[in-house]
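Here are my notes on this model, as promised. Have it open while you read, and go through the points in order.

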Amino acid sequence: MEQIMKDDQQNEKFIKMTTAPIGPLITGLAIPSAIIMLISALYNMADTFFVSFLGTSATAAVGVAFPLMAVIQAVGFFFGHGSGNYIARELGAQHHTNASKMAATGFFSALIAGVLLAVFGILFLDPLVRLLGATDTILPFARDYIRFIFMGAPFMMCSLMQNNLLRYQGSSFHGMIGMVGGALINIALDPLFIFVFHWGTGGAGFATMISQFISFCLLFMASGKKDNVRIRFKYFSPCLANYREMVRGGLPSLARQGIASVAGICMNNLAGPFGDEVIAAITIVQRVFMMAASLVAGIGQGFQPVCGFNYGAKLFARVKQGFRFSLIAMNIFLVPLGVLGFIFAPQIIALFRPDDTLLIEIGTRAFRYQCYTIPLLGWITINSMMMQTMGKAFEASLLAVARQGLFLLPLLFLLTPLLGFTGILVSQPAADLGTFILSIPLSIRVFREMKESEKRE
């Protein structure tokens with residue numbers, strides 16, 4: 001009886017995803033996703049904000065940890081997107097057993113990977129912190145912070161995996177509860193551990209670890225709610241076929257975040273000789289711009305389950321309609337944010353280190369450079385997400401690695417010797433422009449393929 005009820009609920013979801021009006025459907029899915037992303041960006045920024053009161057080197061320590069966080073996110077997104085993309089298509093084709101096996105395989109694989117990373121990271125903590133770009137003055141702050149990030153890695157990977165699993169099933173609200181719950185705990189614990197208990201950057205790391213554990217617990221409970229695919233060990237199927245599907249759907253995320261980690265390490269090491277202020281300024285700008293990127297990603301994540309279900313059901317016209325709606329919604333936010341960010345850049349940077357005039361000057365320049373290309377973010381994001389959800393591994397992976405790998409890394413090594421730290425600052429918007437240009441022919445190719453498929457149907 002329970003299975004019959006669950007099948008009925010899943011059939012209702014299929015009907016909703018393939019027949020409901022596109023605008024309200026994506027909006028309803030995007031709002032919880034956008035809240036999740038914004039809150040996640042907010043608590044990442046909260047670490048930077050509260051730690052900034054400890055000094056410029058402490059602020060830079062959070063930036064040194066950014067490439068490590070990118071690695072953890074890369075693995076979590078790989079299993080989450082790899083499993084979720086496949087599950088969305090299988091639910092669209094109404095193959096529920098295959099979806100259950102993939103959910104369990106993705107979850108337990110993420111857990112194992114997280115444990116292995118935590119053990120390796122703690123055993124080789126000091127050389128890894130040096131590799132991430134810590135200078136002698138940043139090292140003690142970074143070590144205290146990163147130790148707890150490694151300890152929380154299994155929970156963070158599984159949380160990211162479960163959140164994406166729920167999102168691809170059209171259950172963004174349940175994912176929102178889990179992610180927001182942990183994030184709010186982190187924001188509340190940061191000032192307590194840093195200023196009341198006087199644990200410094202270690203307190204910020206400890207708060208992050210606790211928040212990830214709470215998110216993990218909340219999301220695991222949500223996986224068994226109503227029509228969601230439940231995570232059960234008996235469905236754990238670590239076979240080649242399942243991992244091949246994960247690679248198809250998750251490789252773009254793994255590539256994007258993995259290259260982001262490499263780029264972050266290179267940026268920290270190139271910026272180090274110019275002083276802790278440069279690393280700290282880049283850290284602040286990255287955290288603030290994560291807010292805009294998170295909002296855009298939230299809208300895109302509302303589109304992805306709609307794309308997956310309808311692509312699996314061969315309803316290509318609805319896929320294209322959803323693409324257009326999401327792109328317009330993204331730009332409604334991005335263009336005003338770019339204008340306001342350019343105008344108020346000095347005031348935004350001063351919120352973090354009001355007494356460090358050099359940091360404010362460098363941060364303002366970096367912030368304004370980034371504002372020039374922020375309107376391009378919507379087009380890049382929605383194309384990448386659409387191709388990934390469709391299982392277009394080559395196109396999605398190429399676009400995923402383009403910004404950091406094809407453009408940012410070469411520009412960093414080319415422009416830094418020529419322009420000093422200014423070369424580091426302008427490399428990022430230049431990489432955005434290059435990625436935008438590259439994405440145009442890729443998107444034309446995908447839309448042409450859908451048009452041809454429509455003719456054959």
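**Notes on the model**

1. Let's start with a side-chain pair: Q304 and T389 make a polar contact through their side chains, at 3.1 Å. (A polar contact is a pair of N or O atoms within 3.5 Å; within protein, one must be able to donate a hydrogen and the other to accept it, and residues adjacent in sequence count only if both atoms are side-chain atoms.) Keep in mind that this is a predicted model, where local features need pLDDT of at least 70 and side-chain atom pairs count only at pLDDT 80 or more, while totals for chains, interfaces and linings use all residues. Residues are numbered from 1 along each chain as its sequence is written, and side-chain values use heavy atoms, with hydrogens and water left out.

2. Where does Q304 sit? Its place is in helix α11 (helices are DSSP runs of H or I, at least four residues, and strands are runs of E, at least two, numbered from the N terminus). Q304 counts as buried because its relative accessibility is 1%; buried means under 20% relative accessible area, exposed over 50%, partly exposed in between, with a 1.4 Å probe and protein chains only. Leaving aside residues up to four places away in sequence, Q304 touches R167, Y168, M385, Q388 and T389, where contact means heavy atoms within 4.5 Å.

3. Helix α11 (residues 276-312) also packs against helix α10 (residues 240-271), at an angle of about 145 degrees and with the axes 9 Å apart. (Axes are lines fitted to C-alpha atoms, for helices over the stretch in contact, and angles run from 0 to 180 degrees between N-to-C directions.) From α10 come M267, N268 and A271; they meet V278, I279, I282 and Q286 of α11.

4. Next, G338, which lies in helix α12 (residues 316-343). G338 is buried because its relative accessibility is 7%. Its contacts, again not counting residues up to four places away in sequence, are C371 and I374. G338 and Y372 are 34 residues apart in sequence, with 7.0 Å between their C-alpha atoms.

5. Now the chain as a whole: there are 17 helices and 0 strands. Buried residues make up 61% of its 457 residues. Of the contacts with a separation of 6 or more, 83% come from residues 24 or more positions apart. Taken along the principal axes, the C-alpha atoms fill a box of roughly 60 × 45 × 35 Å.
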